[in-house]
Amino acid sequence: MLDMKYLRSNFSEVKEKLQYRGEDLSDLDTFGDLDERRRVLIAETEELKAKRNEVSQEISLLKKEKKDADNLILEMRQVGEKIKTIDTELKEVEENLEQLLLSIPNIPHESAPIGESEDDNVEVRQWGNVPTFSFETKAHWDIATGLDVLDFERASKVTGSRFVFYKGLGARLERALMNFMMDLHSDQHGYQEMLPPYMVNRQSMIGTGQLPKFEEDAFKIENWDYFLVPTAEVPVTNYYRDDILKGSELPKKYVAFSASFRSEAGSAGRDTRGLIRQHQFNKVELVQFVKPEDSYQVLEELTGNAEKVLQLLKLPYRVMSMCTGDLGFTAAKKYDIEVWIPSNDTYREISSCSNFESFQARRAGIRFRREEKGKPEFVHTLNGSGLAIGRTVAAILENYQQEDGSVVIPEVLRPYMGAIEVIK
RNA sequence: GGAGGAGUACCCAAGUCUGGCUGAAGGGAUCGGUCUUGAAAACCGACAGGGGCUUCAUCGCCCGCGGGGGUUCGAAUCCCUCCUCCUCCUCCA
């Protein structure tokens, strides 16, 4: 959510920057009228309330002296009616304004490249060498089926498409990655470990920006106003909803494991095979609450923390800076980390690291005080996958595949795999 | 699922039956001071925060006693509704 006062006094500048996102901004122009109307109504109702308060005191005194107050009471009865009328309209105006503000995307940071689509994203750096194979490589679903470590068919029977059973060393590999990532970030990178709820309420989904605009992307629990989390970002960021933190305890850094649930509405037919696009996948998520002046430096740090996972796994990747048209609704700046997937002959997103600045903090009411008695300010929030585990398994299966159909386990994972070196 | 009880400021806690200077008593914690070589104790003082409107900024005003609605000239106090927590029973990993 944008700051109403900022929007009021910098309207055309904000509008210009939002246009780089290429989204429909036709509603934006209703802001001026709503904002103006709101303030007029507030002035009116508050004046009447001040009068009512004053006269009610008088009435109280008159009653105490056993004097007649009927005229004043009659007068105030009318004032009360008027207040009620104005407040009804005010409430409606404020609701419209609120909905408008909740539907406006974040302002892109000046360092985000201007562009329309993913084709305009800018490569920031590359790491590792794309592997060459002396044999014909297989896609991870074929490798996994051959090794009997993933079962898509039975998952379709038991649940439906875009679900999977991990089996045997496949399940072990998933669990090893989870532990490896959690250990790395908590022990080496200074994040506090957290295991969040997998369902959240509507207010939390609004807080991080999934709602009100993208309800069709979420899984909603029937008869409850709860949603399956699309990412641990939602519960972990909302952990401090409506809180005021101490400046001295910032930055707060959390690493959370959770399953993530996505309806994948609008991507029917894409990545229908394999682990790349599932309705449910595991993910280790990094979340930070920081002071505004630190957030861009922290974005680099956090991205680096996620990259470290791939470096230790010796998986080649590149880092892309998302252009203004591909930033998503909430981010001011975003890096995607893309890992090499041989069967796709290209890099695929495995992590997304974003700086939301105060966008989520304002929606969720997450603030901090610099000084003991200081005025509360909004924190900046950031998060990034560290990493999506299913896609990491796909990357390992494919990049570490051998001619005989076996898969070598990356060295750093072996302690987590009971010292097994190869899945065969 | 059944039966009760409770949500008041950083924490504890009065006030709610009997609506009106209650912007809310009293403790504790915290901060400042006196005393002390220093500290503790004691004593003195400060301590509703937050949001909104207005303003160059102040001043001022409005809203805040779990959330939302209602009654009333006036609500922490009365009514409705939702949420959360606690106790007992039941169930259960």
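Is Gly 390 buried or exposed? Gly 390 is buried, with a relative accessible area of 5%. Buried stands for under 20% relative accessible area, exposed for over 50%, and partly exposed for values in between, with a 1.4 Å probe and protein chains only. The structure is a predicted model, in which local features need pLDDT of at least 70, side-chain atom pairs count only at pLDDT 80 or more, and totals for chains, interfaces and linings use all residues. Residues are numbered from 1 along each chain as its sequence is written, chains are lettered from A and ligands numbered from 1 in the order in which they are written, and side-chain values use heavy atoms, with hydrogens and water left out.

Gly 390 lies in helix α12, which covers residues 389–399. Helices (H or I, at least four residues) and strands (E, at least two) are DSSP runs, numbered from the N terminus. Residues up to four places away in sequence aside, Gly 390 touches Tyr 166, Glu 174, Leu 275 and Asn 282. Such a contact means heavy atoms within 4.5 Å. Leu 173 is 217 residues away from Gly 390 along the chain, yet their C-alpha atoms are separated by 10.0 Å.

An open sheet is formed by eight strands. Their order is β1-β10-β11-β12-β15-β9-β8-β4, and the pairing is mixed. The edges are held by β1 (122–127) and β4 (192–194). Each has a single partner strand, so one side of each is left without a neighbour in the sheet. On average, neighbouring strands of this sheet are turned by 25 degrees against each other, direction ignored. Two strands count as paired if DSSP finds at least two bridges between them. Strands of a sheet pair through backbone hydrogen bonds, either parallel or antiparallel.

Within this sheet, β12 (residues 346–357) and β15 (residues 380–388) run antiparallel and are joined by four bridges. Asn 355 has Leu 382 in β15 as its bridge partner. Helix α10 (residues 295–313) packs on the sheet. The helix touches β1, β8 (252–261), β9 (280–290), β10 (317–321), β11 (333–341), β12 and β15. The direction of α10 makes about 10 degrees with that of β15. Axes are lines fitted to C-alpha atoms, for helices over the stretch in contact, and angles run from 0 to 180 degrees between N-to-C directions.

β11 and β12 pair in the antiparallel sense over nine bridges. Lys 334 has Ser 354 in β12 as its bridge partner. The two strands, β11 and β12, form a hairpin with four residues between them. In the turn, Asp 345 has a positive phi of about 55 degrees. β12 is mostly covered, with ten of its twelve residues buried.

Glu 338 sits in strand β11. Glu 338 is buried, with a relative accessible area of 12%. The side chains of Glu 338 and Arg 318 are joined by a polar contact of 2.7 Å. A polar contact is a pair of N or O atoms within 3.5 Å; within protein, one must be able to donate a hydrogen and the other to accept it, and residues adjacent in sequence count only if both atoms are side-chain atoms. Not counting residues up to four places away in sequence, the residues that Glu 338 touches include Tyr 317, Met 320, Tyr 347 and Ile 350.

A further open sheet has three strands in the order β7-β13-β14, with mixed pairing. Its edge strands, β7 (243–246) and β14 (377–378), each pair on one side only. β13 and β14 run antiparallel, joined by two bridges. Arg 367 stands opposite Phe 378 in β14.

RNA strand B has 22 residues around it, of which Glu 46, Asn 53, Ser 60, Arg 77 and Lys 84 come nearest. Sugar and phosphate make up 80% of the atoms of RNA strand B that come within 4 Å of the protein. A residue is near the strand if one of its heavy atoms lies within 4 Å of it. The surface near RNA strand B draws at least two residues from each of α1 (4–9), α3 (31–64), α4 (70–103) and β13 (366–369). α3 gives the most, with twelve residues. An N or O atom in the side chain of Arg 77 is 2.6 Å from a phosphate oxygen of RNA strand B. For Arg 52, the corresponding distance to a phosphate oxygen is 3.3 Å.
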